[in-house]
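Thank you all for coming. I would like to walk you through one structure this morning, so please take a moment to look at it before I go on.

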Amino acid sequence: MAFKKRALLPPLIIVVAIALVVLLGMLRPQLPMRSMERPAVLVEIQEAQAEDINLLVSGQGNVMAKHTTSLVTQVSGQVIEIAPNFHNGGYFNKGDMIIKIDPQDYQVALQNAKANLAQAKAALAEESARAKVAKEEWESLQLGEIPALGLREPQVASAVAAVQSAEAAVAKAQRDLDRTVIRAPFAGLLQNKNVDLGQFVNQSNQVAQMMGTEIAEVRVPLSDRDLAYLQLPSKDQESDFPRVRLSSFVAGEKYEWQGRLVRSEGVLDSNSRVIYGVVEIKDPYNREGQTHEEILRFGRFVQLEIEGKYVENVFRVPRYALNTDGNLWLVDEERRLKRQHVEVLRAEENQVIINEGLEAGDKVVLTQLANALPSMKVRLPGDPLPQQMERPKAEQDDTAVAAKDASDEAGE
């Protein structure tokens, strides 16, 4: 009987052990299922905001003087005096003396002309007196109507003509004397000088070249597309002239100036097929005060931004956000993509201006998506990641123990 009990003990132990293993397995906490869903793509967005703006037209050009003239002599002679600032880059105000030619010969000519005028006036007075005496004598004789010759009218007319000729000679002599001093025709600076002190100059010799500093100009090329966004001036009122911002680097620092688009040249260039607009900048050299932060020198290359037409309720988005098919990707409230067709009013260098297809508050996708599809799920900055449970530490420990046991068995 005891033998039978000992024989049943091992199977009983095995059954109890199996039961304990099953029970422990049932009591073991279930591992959560790991989510295999890929996280949605993270995209950057810009919220659309309606604006009322002036369109800008970009351009470039060189600064030049509105008035440039070559000063020439109208009389000949020796240069006896020059202005202290008679050198390249020297400033002059309107009416300032630039050079002076020896006036002595012209002073003598003026004196001679005045003497001839005095003689002509004396001759006229004499002829007038004779005509008066002749008239009185004729009337005393009562011989009827007095003939023109009897009144010495031809002699008087000749004397009057001589006086007028002498007066013209005096005026010419005075004018030649005045022309011995060459003066600045406008406020400006000297670009080139061609004579110097003591040099003899002939009539019509060029002595200098002068550039006016009151107004500077920039010729800017405008295409047909640019003209569509500009309101070219049609009146002679400054308030109608579009404002222009000019910019350039001076000694490594960027400066800006203000000007006005005052006119167009009215003819298309036959080679480039553009029309040139003219921008004016007042007092570029700050001669009338601190008009500009930095003087704008002639010859400087500048970039221009011309104020164009005023438009309302438009949206500005980066140019790279617009797809090649003219559509934008939007994100709805459920974080899904939506394709939206828009109308581009103007495409600029770094952005596009949209006038149809967007509403205020729309979320425009800025991220470039390679395989974007409508209704595709996306994430926005700040959105949480999908829940992905990590493996419990107990599972990691069991896995490590099982790996160790398998290694030991292999070693045995």
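This is a predicted model: local features need pLDDT of at least 70, side-chain atom pairs count only at pLDDT 80 or more; totals for chains, interfaces and linings use all residues.

**Salt bridges and a surface patch**

Let me begin with Glu-256, which is partly exposed, with a relative accessible area of 40%.

The partner of Glu-256 is Arg-245, and the two form a salt bridge in which the closest N and O atoms are 3.8 Å apart. Arg-245 sits in strand S13, residues 243-250, while Glu-256 belongs to strand S14, residues 253-268, so this pair ties together parts that are eleven residues apart in sequence. Arg-245 is likewise partly exposed, at a relative accessible area of 33%.

Glu-280 lies in strand S15, residues 275-282, and the pair links distant parts of the chain, 17 residues apart. Here the two partners can be set side by side: Glu-280 counts as buried, at 16% relative accessibility, whereas Arg-263 is partly exposed at 36%. Both residues also take part in a network of salt bridges with Lys-66 and Glu-217.

How many salt bridges are there in the model? The count comes to 14, and among them is the one between Glu-348 and Arg-346, with 3.7 Å between the closest N and O atoms; Glu-348 and Arg-346 are both buried.

Finally, please turn to helix H1, residues 2-27, where Leu-27 lies. Leu-27 is exposed, with a relative accessible area of 63%, and together with Leu-9, Leu-12, Ile-13, Val-16, Leu-20 and Leu-23 it forms a nonpolar surface patch with about 680 Å² of accessible area.

Key
Residues are numbered from 1 along each chain as its sequence is written. Side-chain values use heavy atoms; hydrogens and water are left out. Patches are made of residues with over 30% relative accessible area and no salt bridge: like charges are joined within 9 Å, nonpolar side chains (Val, Leu, Ile, Met, Phe, Trp, Tyr) within 5 Å. Accessible areas come from the Shrake-Rupley method with a 1.4 Å probe; for residues, only the protein chains shown count as cover. A salt bridge is a side-chain nitrogen of Lys or Arg within 4 Å of a carboxyl oxygen of Asp or Glu. Helices (H or I, at least four residues) and strands (E, at least two) are DSSP runs, numbered from the N terminus. Buried means under 20% relative accessible area, exposed over 50%, partly exposed in between (1.4 Å probe, protein chains only).
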